[in-house]
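Subject: Structure handover

Hello,

Here is the structure I promised to pass on. Please open it alongside this note.

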Amino acid sequence: MSDLQQFRAETRQWLEENCPADMRDGKLSEDTSCWGGRKWEFTSEGQRLWLERMGARGWTVPTWPSEYGGGGLSKEEAAVLKQEMKAIGARKPHDNFGITMLGPALLKFGSEAQKKEHLPKVARGEIRWCQGYSEPNAGSDLASLRTKAEDAGDHYVVTGQKIWTSYADKADWIFCLVRTDSEAPKHKGISFVLFDMESEGVSTKPIKLISGSSPFCETFFDGVSVPKANLVYEENKGWDVAKYLLTHEREMIGSLFGGMSEGRSLGELAVKAIGTNPLGQLDDPLLRAKLIETEIDSLAFGALLQSVSDRAKGGESLGAVSSVLKYYGTELNKRRHELKMEIGGSDEMEMTDNNNDGQAARDWLRTKGNSIEGGTSEVQLQIIAKHILQMPNA
Amino acid sequence: MPLVLTEDQEMLRESAAGFLKDEAPVSALRELRDSGSEDGFSRELWAKMAAMGWAGILVPEEYGGADFGMVGAGVVAEEMGKQLTATPYLSSAIMAATALNALGSQAQKEQHLTKIAAGEELFAIAHDERGKHSTLGVALKAERMGNGFRLNGAKTFVADGHVADQIIVSARTSGEPGEANGITLFLVDSGTDGLKIEKTAMVDSRNAARIDFNNAEVTADAVLGEIDLGADGLEKILNAGRAGLAAEMAGSAAQAFGMTLSYINERKQFGVAVGSFQTLQHRSAHLYTEIEICKALTLKALQSLDEGAEDAAKLVALAKAKATKVSLLAAQEGVQMHGGMGMTDEFDIGLYLKRAKVAGELLGDSSYHGNRLAEMLGY
Ligand SMILES: Cc1cc2nc3c(=O)[nH]c(=O)nc-3n(C[C@H](O)[C@H](O)[C@H](O)COP(=O)(O)OP(=O)(O)OC[C@H]3O[C@@H](n4cnc5c(N)ncnc54)[C@H](O)[C@@H]3O)c2cc1C
């Protein structure tokens with residue numbers, strides 16, 4: 001037996017013995033996720049055990065080095081783990097912006113002390129992170145951000161406002177972009193800092209979304225004291241960290257939303273809802289055409305996702321290619337949800353108890369944010385044109 | 001007939017626009033939603049609209065109506081679409097009035113048309129039986145029973161079904177779902193025994209209802225039109241509704257677009273208005289073109305109904321299909337161009353997105369009418 005086969009056999013057995021029964025339903029939605037952190041209330045004992053067991057092995061972040069709480073697995077081993085988890089329908093033990101965003105940035109830019117301090121807590125789901133990038137006047141033009149951090153000797157004093165901070169009201173810590181030099185060109189006066197959301201001077205105000213829920217907030221900083229030890233990389237070089245982190249965020253969003261949807265295919269749903277003609281074809285030729293167009297693009301995109309992920313070595317940044325994934329994946333996801341609504345028709349538009357409170361409609365509305373969060377589709381296209389195609393400026 | 005509004009219709013448009021802006025702006029819909037209004041519309045406002053002649057916009061003058069025809073009805077619907085005004089207008093003033101005008105017996109007309117015009121009686125059309133619209137997919141059974149009929153089955157997505165005094169029900173007296181023959185229309189009092197009406201809040205914050213018919217008994221007087229031969233009349237009612245909805249959606253699309261345009265011309269990033277970026281300019285110009293097409297087409301469909309033109313059914317299918325696509329596109333682009341703001345409940349653009357989806361589905365979406373159109377065109 002090769003090492004990898006051996007690893008597969010052991011992994012299978014371990015998962016069989018350790019994955020609680022209620023964590024095997026394959027659910028992955030934003031709402032059924034476990035987000036961990038100090039304020040988290042586990043929805044079941046199974047959820048708590050699953051995080052604890054996976055966290056202890058570092059398998060929540062399989063490719064991170066074990067000295068930082070990771071699993072220390074090779075890319076091949078991590079792939080095996082993923083396959084074996086999928087085979088039993090295991091849920092992800094937890095979601096955390098620390099896994100997909102902060103982690104990769106700290107691994108590349110963080111000091112040894114920062115990695116030791118923060119990464120294991122992410123791996124074990126003890127600290128939940130939020131992202132303090134956008135401001136009211138700095139969205140697509142992120143680098144024009146104005147939240148300022150003044151030098152006060154051994155610490156900074158942070159004052160300003162962020163907006164659209166997802167889960168700021170539920171997160172424990174924030175990774176935050178601040179201006180440390182207001183004289184320098186806009187990209188050159190930004191620093192990347194970390195601080196506890198319980199620090200004095202931090203407050204949050206939830207914003208209600210069109211879907212009715214309030215996952216994101218306005219976040220205010222009023223003279224928040226941030227130790228200099230929490231500066232990541234160098235002062236005024238935060239833009240490098242920010243950009244690197246964004247490529248990971250975009251790759252994550254693209255793969256998450258662009259990959260094959262879980263559960264029943266849209267075609268199956270449509271046949272069930274609408275029925276077939278005597279030839280066995282969906283009894284709505286136009287909808288059928290729309291479905292297969294989207295299916296073609298989805299399957300084709302799946303191949304690109306696979307190829308990109310096979311090309312990238314473990315953890316390495318994809319650079320501007322992440323914009324390709326982000327753009328296409330999110331636009332696809334929006335199309336899928338439009339079609340899902342079209343298949344269900346008025347049944348899916350009811351916001352009633354017997355319709356799971358309109359969950360499908362809420363999901364549909366939520367997808368509209370996919371092409372806005374993490375940088376809009378327009379911005380991604382601009383990055384592709386400029387950084388991959390190297391087209392001239394206007 | 002020239003494809004423009006007459007002077008009278010233009011005046012109607014102006015007065016509707018002014019009235020709705022003052023009395024029923026988008027904030028009124030929010031208020032209804034946030035206060036959890038049982039009715040889902042304001043009865044007081046409806047009374048005012050009736051006084052202006054809108055409830056009776058299709059009712060002949062002898063019954064106290066304004067008899068403005070479908071173009072007039074569409075003009076008002078378009079203005080309502082701009083403000084997302086929630087009223088029983090589509091069900092009562094457009095569809096029920098069309099039904100009674102076309103199919104009502106003298107007695108039925110006398111009994112109901114005056115009340116419709118006065119805004120005193122509210123109607124709903126109970127037709128769809130599953131999540132997707134179908135003209136002939138009627139399965140609800142009406143069995144003969146002595147001098148009357150007994151109704152059994154279920155209807156869904158009945159706009160204004162929860163507030164209606166009278167319900168026009170499509171039922172099957174013979175044949176199978178999918179067949180034109182065997183459909184009969186009934187005029188049923190909503191208080192009839194055996195009806196279970198359940199209000200369903202929709203994602204656009206308007207209300208509809210699911211209605212169960214459990215041995216509901218009606219007399220032979222309740223038949224609207226002819227027994228077994230209701231399909232043509234049904235088609236007339238649905239087409240009036242579809243054209244009215246197309247007009248409403250054209251209005252919503254134009255308004256969503258206008259709001260978006262103001263936003264992107266104001267919102268600054270990179271030191272300039274985001275509306276100065278060519279990609280947003282081109283998409284705005286495209287949307288403008290689509291909306292102009294949609295408005296012209298809708299007017300043509302409305303005119304064809306007033307004229308009883310031979311190609312009216314075709315034009316209505318075309319208009320409903322196009323308006324469904326364009327209003328959704330306008331709202332989708334609106335959200336996207338608003339950036340994060342577009343995802344907030346505080347901004348109105350999301351309300352247009354929700355209405356576009358529900359109005360698009362109501363009485364058949366773009367695939368449904370596209371398929372029908374292909375059939376009518378012989379392929
Ligand atoms: C669901 C969701 C979650 C989010 N979570 C977070 C979070 O956790 N943390 C965080 O910091 N931020 C978060 N954001 C914010 C997000 O990153 C911003 O909304 C996004 O970057 C766009 O900025 P904006 O909203 O200011 O839009 P604007 O920048 O004002 O854009 C408005 C419109 O103009 C277009 N536009 C702008 N510039 C150009 C250009 N150069 N060329 C062409 N078109 C252009 C945009 O594409 C958009 O259509 C989230 C957003 C959403 C929707």
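Bear in mind that this is a predicted model. I looked at aromatic pairs first, then at the contact between the chains.

**Aromatic pairs in chain A**

Over all chains, the structure holds 19 aromatic pairs. Take Phe7(A) and Trp59(A). Their ring centres are 6.2 Å apart and their planes stand at 65 degrees, so this pair is edge-to-face. The two residues are 52 apart in the chain, and the pair links distant parts of it. Phe7(A) belongs to helix H1 (residues 3–18) of chain A. Trp59(A) sits in the loop between helix H2 (45–57) and helix H3 (75–87) of chain A. Phe7(A) is buried, at a relative accessible area of 11%. Trp59(A) is buried too, at 6%.

A second pair is worth a look. The ring centres of Trp129(A) and Trp173(A) lie 5.5 Å apart with planes at 55 degrees, so the pair counts as tilted. Trp129(A) is in strand S1 (residues 129–132) and Trp173(A) in strand S4 (residues 173–179) of chain A, so parts 44 residues apart in sequence are tied together. Trp129(A) is buried, with a relative accessible area of 2%. For Trp173(A), also buried, the value is 15%. Both tryptophans belong to one aromatic cluster, together with Tyr133(A), Phe175(A) and Phe192(A).

**Charges over rings**

Trp59(A) comes up again here. Arg57(A) lies over its face, 4.5 Å from the ring centre. Likewise, Lys108(A) lies over the face of Phe109(A), at 5.8 Å from the ring centre.

**Where chain B meets chain A**

In this interface, 40 residues of chain B contact 45 residues of chain A. The area buried between the two chains is about 3,500 Å², and carbon and sulfur atoms give 57% of it. Which three residues supply more than any other three of the area that chain B buries against chain A? They are Gln336(B), Met343(B) and Lys357(B), with 20%.

Five salt bridges are found across the interface of chain B and chain A. One of them joins Lys208(A) to Asp345(B), whose closest N and O atoms are 3.9 Å apart. Between the two chains, 24 residue pairs are in polar contact. Elements that give two or more residues to chain B's side include strand S3 (148–159), helix H9 (312–338) and helix H10 (349–361) of chain B. The largest share, six residues, comes from H10(B).

Best wishes

Conventions:
Residues are numbered from 1 along each chain as its sequence is written. Chains are lettered from A and ligands numbered from 1 in the order in which they are written. This is a predicted model: local features need pLDDT of at least 70, side-chain atom pairs count only at pLDDT 80 or more; totals for chains, interfaces and linings use all residues. Side-chain values use heavy atoms; hydrogens and water are left out. Rings of Phe, Tyr and Trp (its six-membered ring) pair if their centres lie within 6.5 Å; planes under 30 degrees apart count as stacked, over 60 as edge-to-face and the rest as tilted. Helices (H or I, at least four residues) and strands (E, at least two) are DSSP runs, numbered from the N terminus. Buried means under 20% relative accessible area, exposed over 50%, partly exposed in between (1.4 Å probe, protein chains only). A charge sits over a ring if NZ of Lys or CZ of Arg is within 6 Å of the ring centre and within 35 degrees of the ring normal. Contact means heavy atoms within 4.5 Å. Buried area is the accessible area (1.4 Å probe) that two parts lose on being put together, summed over both. A salt bridge is a side-chain nitrogen of Lys or Arg within 4 Å of a carboxyl oxygen of Asp or Glu. A polar contact is a pair of N or O atoms within 3.5 Å; within protein, one must be able to donate a hydrogen and the other to accept it, and residues adjacent in sequence count only if both atoms are side-chain atoms.
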